[in-house]
Amino acid sequence: MINKDKPFSFDDYDNENIFQKHDDFQDLNHHSIENPAIYSTPEVDDDDSFVPTSSGSTTTVQNKDSNFVFFYGTSASGKSVILSAILYYLNSFAGVLRPKLGSPNSREAHVLLADFFENIKKGILPNRTTRDQVTRLDFVFDPNNKSKKVPPISLSFLETAGENHNEISRGGKYVDGIEAYLNSDIPLNFIIVTSYDRAHHEDAKIVEFLDYLERKGKNLKNVNVLLVISKWDKSGNLGVDNEQHLENFISERLSMTNNRIDTYNLSKTYFTIGNVQNQAGMEKITLLNLDSAEIIAKWLYHNIVGYDLDYEGTFWEKIKFSFSK
Ligand SMILES: Nc1nc2c(ncn2[C@@H]2O[C@H](COP(=O)(O)OP(=O)(O)OP(=O)(O)O)[C@@H](O)[C@H]2O)c(=O)[nH]1
Ligand SMILES: [Mg+2]
């Protein structure tokens with residue numbers, strides 16, 4: 001399914017100008033969200049009291065020229081591990097991932113990325129995400145595949161703590177920092193994470209989230225949503241024997257979610273970071289397996305660009321160009 005919104009691609013820009021967009025970029029942590037619509041209280045004349053009104057939304061998203069990836073999942077469902085595995089895969093095997101030029105990520109986001117890469121190689125899992133903070137990681141991903149059909153893209157990952165996602169249950173709302181992204185007219189891709197061992201408790205919550213998106217005016221038929229069953233290694237296997245295995249799991253344990261997925265034709269997959277073992281009270285990765293991270297990364301790229309990351313066009317393109325000379 002392709003984003004209706006036009007993906008942000010560097011093909012649309014002349015490189016000279018892109019690097020001049022510095023002032024678009026603020027500190028990319030939650031400082032990036034300002035409150036332009038909140039008026040300060042004016043001096044009040046005794047006889048003529050005046051209460052300022054705020055116009056609509058009080059928070060806006062800065063720098064919308066990107067493809068946003070929003071993770072949904074309860075605490076410890078595995079969101080940060082999936083994010084770090086996707087980043088690691090993109091940067092180590094599929095191409096180069098670099099912080100977006102002119103958009104110095106907040107120090108915190110830089111630290112997060114450096115930690116991810118350093119730790120994952122040592123088998124150390126990422127730290128738990130801090131509540132109420134939206135960490136925004138802005139990158140340019142430059143694929144190794146040099147086909148013209150496989151352009152560099154801009155990716156902005158939104159990392160939030162699972163605790164925040166509990167806030168939307170029973171008609172609640174997210175903190176403003178998260179709401180701002182969901183209210184904005186930006187290309188959003190959603191990765192919904194629930195784990196192998198907890199999925200059966202989270203069926204209703206996931207449906208609530210999908211309803212929430214619809215209330216926000218997102219037509220699920222046009223939005224990219226991927227359901228990921230994380231910690232699949234807990235099944236005793238690093239993969240699935242066949243597609244039916246995953247289908248059965250989802251229809252048994254997540255029947256309501258499954259129903260929505262089928263209605264809206266959304267995507268589903270599983271994820272595992274490899275083998276995880278408890279060593280002296282601490283969970284550590286004892287075998288790193290990036291196969292499922294690769295599937296998610298490729299899903300993302302395909303949805304944004306409309307072509308596969310490993311699109312085999314280069315050879316034909318070369319022939320075409322040599323003929324047309
Ligand atoms: N066996 C196994 N355990 C995993 C896997 N991924 C994550 N875990 C475990 O789940 C824990 C939580 O993972 P996180 O990615 O930090 O979870 P999160 O959803 O980001 O949690 P919050 O930041 O609290 O919202 C990890 O510390 C691991 O112990 C996996 O693929 N396999
Ligand atoms: Mg996290």
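Helices (H or I, at least four residues) and strands (E, at least two) are taken here as DSSP runs, numbered from the N terminus. In those terms the protein has ten helices and nine strands, and just after helix α9, G306 takes a positive phi of about 95°. This is a predicted model, in which local features need pLDDT of at least 70 and side-chain atom pairs count only at pLDDT 80 or more, while totals for chains, interfaces and linings use all residues. Residues are numbered from 1 along each chain as its sequence is written, and chains are lettered from A and ligands numbered from 1 in the order in which they are written.

- Of the 325 residues of the protein, 36% count as buried, a residue being buried if 20 or more other C-beta atoms, placed from the backbone, lie within 10 Å of its own.
- Leaving aside neighbours within four places in sequence, I86 is in contact (C-beta atoms, placed from the backbone, within 7 Å) with A293, I296 and A297.

**Helix α9**

- The 15 residues of α9 (residues 291–305) should span 21 Å at 1.5 Å a residue, and the end C-alpha atoms are 21 Å apart, which agrees; the expected span is 1.5 Å times one less than the number of residues.
- The buried residues of α9 are S292, A293, I296, A297, L300, Y301, N303, I304 and V305, and what covers them includes α2 together with the strands β1 (67–72), β4 (153–159), β5, β6 (224–230) and β7 (267–270).

**S195 in strand β5**

- S195 lies in strand β5 (residues 188–195) and is buried because 20 other C-beta atoms are within 10 Å.
- The C-alpha atoms of S195 and I229 are separated by 5.1 Å, although these residues are 34 residues apart along the chain.
- Beyond its neighbours within four places in sequence, S195 is in contact with S77, G78, S230 and K231.

- Of the 22 residues around ligand 1 (C-beta atom, placed from the backbone, within 6 Å of it), K79, S80, T129, G162 and V276 come nearest.
- Helix α2 (residues 79–94) supplies the largest share of this shell, three residues.

Technical notes. A residue is buried if 20 or more other C-beta atoms lie within 10 Å of its own, exposed if 12 or fewer, and partly exposed in between; C-beta atoms are placed from the backbone. Two residues are in contact if their C-beta atoms, placed from the backbone, lie within 7 Å.
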